[in-house]
Amino acid sequence: MKKTFSMLLAALAILTIVGSSCSKSSSTPATVTYYMGGDAIGRPAINTVFVTTGSKDSFNNTIPSVMEAAWQPKFQTQLMALNPGFTTDALGQTASQFTGLLATDVLNVSVSGTTTFFDGTNVLTGRNLSDDVIHTELLLIFGGSDGSANPTLSNDNVPANDKPFLSTFPYLASPW
Amino acid sequence: MKKRTLIVAATIAVIFTGGIVWASDHTDAPAVTGTSLDITDLYAFQGANSSNLVFVVNTQGLLAPTATGAAAFDPNTLIEINIDNNGDNVEDLVIEAIYDGTNMNFYGPIAPSSTGLKSKLEGSVTAKVAVTPYSATSPVTATGANGMMVFAGPRDDPFFFDLNQYHKILAGTATGFNNPGTDAFAGTNVLSIVVEVPKSLLGTPTGGKFNVWAQTKKKL
């Protein structure tokens, strides 16, 4: 069905070209294969945590340049549902600022120097294999302005991977 | 305090009814769960050679060792790394990977002919590598003419999280995490692509930072 539709479109395109140029060329244009629809990720766990059931495919199919306008208000509602006591996070961000940052789901990556999601000093300059990103996100959601609020929810206490990473390419550990 | 925690946990449980799994991006949305389109994680970091940046896209997560040998990339799934270098969150460069049944073929980094949700393979293959079989004792890697190192194949899932305890919190049968927690992703594998790219191929980003995101796209 889909294929038939594509062929129809291609036939129409040929007709249009032939019609507009009044040529009698019989050459067939090279077929271009397109790809569309699927999964998307910038920062870890954003779709899973901040997007409600029923909207997850829609979030995956929103381009980053329009994400903030489309999703920030929904993210803020979700944040306040997760932690009704939220005022500011440990980065000093209000609910509006924090969710505005997260709604544009891209990973910020520094071109020079340390690349990490959070290492105690650098924030959002990349994502290392060893970064404890869940702890960072739980801290920002539940930990309050100094990271001390809701201590049983702000850390899952799994600080590292179950296999050491390689120091050279391809860096990831061999499979189990 | 305890009451507030309970309220928070109960609220979470209400929001996440429907068995939604909070992992990183593992099984995040109905249209991609259980398919070759499912991305589990994206990583971007400076390489062992500090002139390079490394991008990792992991797919098809939670593979048990017994299932990993049969897991395969899909020739109808395009894996795309998008790089914005002027701060407008529109991709200026893409790196694309497509499987041909034997090799993973990489395109770019290259300015795409159009941006957004619909893509085609851009330019010509810049690097290709045989997919490392599960049985291999060492990873198969290759380097393209542009200096880009590439890998594709099964690896340990580098993500770690006490997902099962989180489920209990959602279900209201626990009020918080344990210490120590238990990594629910221990002993599981993913299908990875890894590319290490000379920074010189990526341009000079506004404000010193790129914005990066990964997408999978299905052949139309």
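## Chatting through a two-chain model

Mentor: Let's start with a spot in chain A: A:Pro170 sits in the segment after α6 of that chain. Keep in mind that this is a predicted model.

Trainee: Okay, what kind of peptide bond joins A:Phe169 and A:Pro170?

Mentor: A cis one, with omega about 5°. As background, most residues other than glycine have a negative phi, and most peptide bonds are trans.

Trainee: Which residues does a cis bond join in chain B?

Mentor: B:Gly108 and B:Pro109 are joined by one, with omega about 5°. B:Pro109 lies in strand β5 of chain B, residues 103-110.

Trainee: You mentioned phi. What's the phi of A:Asn150?

Mentor: It's positive, about 45°, although A:Asn150 is not a glycine. A:Asn150 is also in the segment after α6 of chain A.

Trainee: Is A:Asn150 buried or exposed?

Mentor: Buried: 22 other C-beta atoms lie within 10 Å of A:Asn150, and the cut-off for buried is 20 or more.

Trainee: And what about B:Leu62, what's its phi?

Mentor: Near 55°, so that's a positive value in a residue other than glycine. B:Leu62 is in strand β2 of chain B, and it counts as buried because it has 20 C-beta neighbours inside 10 Å.

Trainee: Which strand does β2 of chain B pair with over 9 bridges?

Mentor: That's β10 of chain B, residues 189-198, in the antiparallel sense.

Trainee: New topic: how many residues of the two chains are in contact?

Mentor: 85 residues of chain B touch 66 residues of chain A. On the chain B side, strand β11 (209-219) gives the most, with 11 residues. By class, that side has 43 nonpolar, 24 polar and 18 charged residues.

Trainee: Which strand of chain A pairs with β11 of chain B?

Mentor: β3 of chain A, residues 107-110, in the antiparallel sense over 4 bridges. To find the spot, look for A:Ser110 opposite B:Lys209.

How values were computed:
Residues are numbered from 1 along each chain as its sequence is written. Chains are lettered from A and ligands numbered from 1 in the order in which they are written. This is a predicted model: local features need pLDDT of at least 70, side-chain atom pairs count only at pLDDT 80 or more; totals for chains, interfaces and linings use all residues. Two residues are in contact if their C-beta atoms, placed from the backbone, lie within 7 Å. Helices (H or I, at least four residues) and strands (E, at least two) are DSSP runs, numbered from the N terminus. Ala, Val, Leu, Ile, Met, Phe, Trp, Tyr, Cys and Pro count as nonpolar, Asp, Glu, Lys and Arg as charged, and the others, Gly among them, as polar. Two strands pair if DSSP finds at least two bridges between them. A residue is buried if 20 or more other C-beta atoms lie within 10 Å of its own, exposed if 12 or fewer, and partly exposed in between; C-beta atoms are placed from the backbone.
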